Amino acid sequence: MRIAILALQGAFAEHEKTLSRLGVESFEIRQLRDLDRPLDGLIIPGGESTVQGKLMDDLGLTEPVRRLIESGLPVWGTCAGLLLLARRIANDVRTHLATMDVTAVRNAYGRQLGSFSTRGSFAGIPDVPMTFIRAPYIAQAGAGVRVLATADDRIVAAREANQLVTAFHPELGDDLTVHRYFLDMVCKQVAR
């Protein structure tokens, strides 16, 4: 199994380290030709969604990545990645990949000082740590979207077919629950 990680900006190195702990090979996507390598899944990390979206456009990555997702490639967006995948952003006119039927709210918990950690249930698994940093949340999920986690009565993790999003950062802690969940999605897709 080979997981690509969008490495234009943000917490891509933390995802690489976590995948390495799990014995999973990963590589960075920094330019269009990196998409020519075989990949079984893609992680879009947290960071600055506006910067990542602009860089994806400038490097000609947006449309090829969108096509990969629409063709069934498993993708996981954390924090900024959630915003890049969201079809609608309630407090911004810009969208980026717009492949997942959710409406997200940018910086929903405020600026850096509004960052916090909590624990909650994720996909029926209790007591999963959740670290929020200038995090979005999902205000509305389409009919095909399964809510996987909430915090303060707000949707903070969801799945639609081959797409997983988390408003929090599992890569910043030691818990492997969400990474394992994503890798299970990838294994099921590869087995098809």
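Guide: Helices here are DSSP runs of H or I with at least four residues, and strands are DSSP runs of E with at least two, both numbered from the N terminus. The model is predicted, so local features need pLDDT of at least 70 and side-chain atom pairs count only at pLDDT 80 or more, while totals for chains, interfaces and linings use all residues. Residues are numbered from 1 along each chain as its sequence is written, and side-chain values use heavy atoms, with hydrogens and water left out.

Visitor: Where is Asp153 placed, and why is Asp153 called exposed?

Guide: Asp153 belongs to the loop between strand 10 and strand 11. Relative accessible area over 50% is termed exposed, under 20% buried, and anything in between partly exposed (1.4 Å probe, protein chains only). Asp153 has 81% relative accessibility and therefore counts as exposed. Asp152, in that loop between strand 10 and strand 11, counts as exposed because its relative accessibility is 60%.

Visitor: What makes strand 10 and strand 11 a pair?

Guide: Two strands pair if DSSP finds at least two bridges between them. Strand 10 (residues 146-151) and strand 11 (residues 154-160) have 5 bridges, in the antiparallel sense. One of the residues involved is Val147, whose bridge partner in strand 11 is Ala158.

Visitor: Why is the pair of Phe122 and Phe168 called edge-to-face?

Guide: A pair of aromatic rings is described by the distance of the centres and the angle of the planes. Rings of Phe, Tyr and Trp (its six-membered ring) pair if their centres lie within 6.5 Å; planes under 30 degrees apart count as stacked, over 60 as edge-to-face and the rest as tilted. By this rule the count comes to 5 aromatic pairs. Phe122 and Phe168 are 6.5 Å apart, centre to centre, with 90 degrees between the planes, and the pair is thus edge-to-face. The pair links distant parts of the chain, 46 residues apart: Phe122 lies in strand 7 (residues 116-122), and Phe168 in the loop between strand 12 (163-166) and helix 5. Both Phe122 and Phe168 are buried. Ring pairs join Phe116, Phe122, Phe132, Phe168 and Tyr181 into a cluster.

Visitor: Which residues touch the most other members of the largest nonpolar core?

Guide: A nonpolar core is a set of buried Ala, Val, Leu, Ile, Met, Phe, Trp, Tyr and Cys residues joined through side-chain atoms within 4.5 Å. The largest has 60 residues, and Phe122, Phe132, Val156 and Leu164 touch the most other members. Helix 5 (residues 177-191) gives the most to this core, with 6 residues. Contact means heavy atoms within 4.5 Å; leaving aside neighbours within four places in sequence, Leu164 has contacts including Trp76, Phe122, Ala158, Tyr181 and Met185.

Visitor: Why are Leu84 and Glu171 called buried?

Guide: Leu84, in helix 4 (residues 80-85), counts as buried because its relative accessible area is 0%. Beyond four places in sequence, Leu84 touches, among others, Ile44, Met56 and Leu97. Glu171, in the loop between strand 12 and helix 5, has 4% relative accessibility and so counts as buried. With neighbours within four places set aside, the contacts of Glu171 include Glu14, His15 and His179.

Visitor: What makes Arg37 a charge over the face of Phe27?

Guide: The rule requires NZ of Lys or CZ of Arg within 6 Å of the ring centre and within 35 degrees of the ring normal. Arg37 lies over the face of Phe27 at 4.1 Å from the ring centre.

Visitor: How many disulfides does the structure hold?

Guide: The structure holds 0, where a disulfide is a pair of cysteine sulfur atoms within 2.5 Å. Cys79 counts as buried because its relative accessibility is 4%, whereas Cys187, at 40%, counts as partly exposed.
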